[in-house]
Amino acid sequence: MSGERIYLYDSTLRDGAQTRGVDFTAADKAAIARELDRLGIDYIEGGWPGANQTDDAFFGDLPRMQRARISAFGMTRRSGRSAENDPGLSAVLNAPVQAVCLVGKSWDFQATVALGVDLDENLRMVSDSIGHAARVKAEAMFDAEHFFDGYKANPDYALACVRAAYQAGARWVVLCDTNGGTLPHEIEDIVSHVATIVPGERLGIHCHDDTGNAVANSLAAVRAGVRQIQGTLNGLGERCGNANLVTLLPTLMLKMGYTTGVDEAGLAHLTSVSRAFDERMNRAPNIHAPYVGAAAFAHKGGLHASAVLKDPRAYEHIRPEQVGNQRHVLVSDQAGRANLLARLAEIGIEVDPSDPRLPTLLEQVKANEHMGYAYDGAEASLELLARRALGEVPEYFRLLSFRVIDERRYNARGELVTLSEATIKISVGGVPVMAVAEGNGPVNALDTALRRAIAQTYQPVRDMRLVDYKVRIMSAPDGTGTDAVTRVVIESADTAGDHWSTVGVSANVVNASYEALADGITWRLYRAGGSVQAAAEVAAANSVA
């Protein structure tokens, strides 16, 4: 290929939210959107304004984007209403975004049976809605739902639907394999025909994975002319999922020679983005995932390992570093060292490869990950671990003890109430400080008490807040669940809009939470340049007062 531009449209925040067991918060959506923007995705579908409180909260406080356009999703006007006087459509068009994507029927069966409208009215619904959207927004897109099933049943009508959207001003007409039952050779044949009616630079593809062909179908559509691909992170989506953008990205760029909004540096972050997303969702990453899985470049001893040590091309189709992954060869630890150096460089820590402290740090990282720590979704904790090993992080405070009390009882009115109270003792510059706080659960109480104990000494703590809290139960050594290891990942933020994540691991969920909370505060103080000596003087003055 000649480097033609392919535009990437991520629908994780809407289609991905329909995945069984996945429930995004507004904070989740904002954090994921920022990661996608940093990666270089062109469009991020934020959700459906007016559909639920989470989507309303997201669109009510949109994260700042550097490159991506956030898109609002909705449906064409209802039958019997004008596009200008349809409440559902108005909610979508009133969202503070530049792009909207409206879904409409392109299968005659769906129009007459699911919607209960005649075929001419369905065409008018498409044309009126897209035309109105194109007049009020910078970009209007049309998702031709069930297009491929519709084409097989009645090609003339399916083509009439996409033609109506295109002529009404749609920037992108997106052909949807909604039921996921179409095969790659069918996709390529059908899209080739559609491209004679709607130019390829105005066509998109949206595939579901019900036959395991969503990625292959998307690539077949690109071969036939489409220039926008819709998909999700790690293939999330209802039923069997959507086309996996994490797999599509390197295939498009490294195998087919296309250009995307993701550059080489962004592609090198792909593995960390994929794994951090799984960590946020409390899902174990698929170790066998193409490109980004932990086993994608793993070689056991014997013929393969011997050949890879001589030349990795013997058993690797790309260099793992191109997608931010690493080679695992059991007979050598050099790949681990190189990977750690790369990860440290990403967070701004330059270490001489010959630094005698590096092997100790590498072994500490490996030992921690064996215990259950995961740093792909907790970069602040990784940075602190590295800087502590290099002697760069002061001890801003030292935990002396904490105690958390939970009470569950009925009050005088017979109402069930639960209360949590935390008492914490810390030392700041040798000066003991104690604080007590109540909270909405033990972790909230502990967080409040810890920051209360520190806030008088360290001003930067006052403008930080906990915005997300994730718990994952890891397998216990004996296979039981009650004494399993718990991993806690906490996301913190400050009033400047900076976000950072930290991790704690323990058999006790409250202790794991304390580790993550303490790391979050320490990272904030380090970045703020807090002075331990000055803090000790303040603490001493406060204790006298």
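A residue counts as buried under 20% relative accessible area, as exposed over 50% and as partly exposed in between, with a 1.4 Å probe and protein chains only. The model is predicted, so local features need pLDDT of at least 70 and side-chain atom pairs count only at pLDDT 80 or more, whereas totals for chains, interfaces and linings use all residues. Residues are numbered from 1 along each chain as its sequence is written, and side-chain values use heavy atoms, with hydrogens and water left out.

**Stop 1: helix α10**

Helices (H or I, at least four residues) and strands (E, at least two) are DSSP runs, numbered from the N terminus. The buried residues of α10 are Leu245, Val246, Thr247, Leu248, Leu249, Pro250, Thr251, Leu252 and Met253. Next, display the elements that cover them, among them β1 (7–10), α1 (26–39), α9 (214–224) and α12 (270–280). At the start of α10, a side-chain oxygen of Asn244 comes to within 2.9 Å of the backbone nitrogen of Val246. After the helix comes Gly257, with a positive phi near 75 degrees.

**Stop 2: helix α18**

Move to residues 509–528. The end C-alpha atoms of α18 are 29 Å apart, which agrees with the 28 Å that its 20 residues should span at 1.5 Å a residue; the expected span is 1.5 Å times one less than the number of residues. Of these 20 residues, 14 are buried, so α18 is largely enclosed by the rest of the structure. Asn508 caps the N-terminal end of α18, with a side-chain oxygen 2.8 Å from the backbone nitrogen of Val510. Gly529 follows α18 and has a positive phi, near 75 degrees.

**Stop 3: helices α4 and α5**

Select residues 108–115 (α4) and 119–136 (α5), which pack at an angle of about 95 degrees with their axes 10 Å apart. This angle makes α4 roughly perpendicular to α5, a term that covers 65 to 115 degrees. In the contact (heavy atoms within 4.5 Å), α4 contributes Asp108, Ala111, Thr112 and Leu115, and α5 contributes Leu119, Asn122 and Met125. These residues divide into 4 nonpolar, 2 polar and 1 charged.

**Stop 4: Arg327**

Finally, select Arg327, in the loop between α13 (303–310) and β10 (328–329). Arg327 is buried, with a relative accessible area of 18%. Its side chain is joined to that of Glu316 by a polar contact of 2.8 Å. Such a contact is a pair of N or O atoms within 3.5 Å; within protein, one must be able to donate a hydrogen and the other to accept it, and residues adjacent in sequence count only if both atoms are side-chain atoms.

How values were computed
Axes fitted to C-alpha atoms, helices over the stretch in contact; angles between N-to-C directions. Parallel < 35°, antiparallel > 145°, perpendicular 65-115°, else oblique. Nonpolar A, V, L, I, M, F, W, Y, C, P; charged D, E, K, R; others polar.
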